[in-house]
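Here's a quick briefing to read with the structure open. Take a look at it first, then go through the points below.

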Amino acid sequence: MRFNSAEEYYETLGFLAKSDGSTSLVWENNENQGAWGSEGRIHCHHSINRFPAPLSRKFTAGNGTSILNRINCNEFIQHIVNFHSFNMGHVQNITNIRITVPNQYLVDFDRGFNL
């Protein structure tokens, strides 16, 4: 996952912090199906007009059911779980996540949260 600025990074965190069912963080155990290993992915469940640019740049096809798009991002998922208090799944604790955001980026975080 690539970000053009810290502002873009924190906007993306705000978007992912929503617990509105639009996204979920998952580890797909692909090694059970003959692949090299597990994949950390963001699943996009709803058709939303606007995703933060770093996410929409990384879209891959969904699975034909409730997942419209997937984003492959092992390191990014590990990072936001370890350093920004994200949970696996679709329910996030906004208070715990927001505490990890530097004050100068709270406006960017809130912008992403309100997308």
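Let's start with the neighbours of T23: leaving out residues up to four places away in sequence, T23 touches F15, L16, I42, H43, C44, H45, F51 and H90, where contact means heavy atoms within 4.5 Å. Keep in mind that this is a predicted model, where local features need pLDDT of at least 70, side-chain atom pairs count only at pLDDT 80 or more, and totals for chains, interfaces and linings use all residues. Residues are numbered from 1 along each chain as its sequence is written, and side-chain values use heavy atoms, with hydrogens and water left out.

**More on T23**
- You'll find T23 in strand β1, residues 23–28 (strands are DSSP runs of E, at least two residues, and helices are runs of H or I, at least four, numbered from the N terminus).
- T23 counts as buried because its relative accessibility is 3% (buried is under 20% relative accessible area, exposed over 50%, partly exposed in between, with a 1.4 Å probe and protein chains only).
- N69 is 46 residues from T23 in sequence, and their C-alpha atoms are 9.6 Å apart in space.

- Y9, Y10, T12, L13 and L16 in α1 meet F76, H79, I80 and H84 in α3.

**A look at S85**
- S85 sits in the loop between α3 (74–84) and α4 (94–99).
- Its relative accessibility is 34%, so S85 counts as partly exposed.
- The phi of S85 is near 65 degrees, a positive value in a residue other than glycine.
- Most residues other than glycine have a negative phi.
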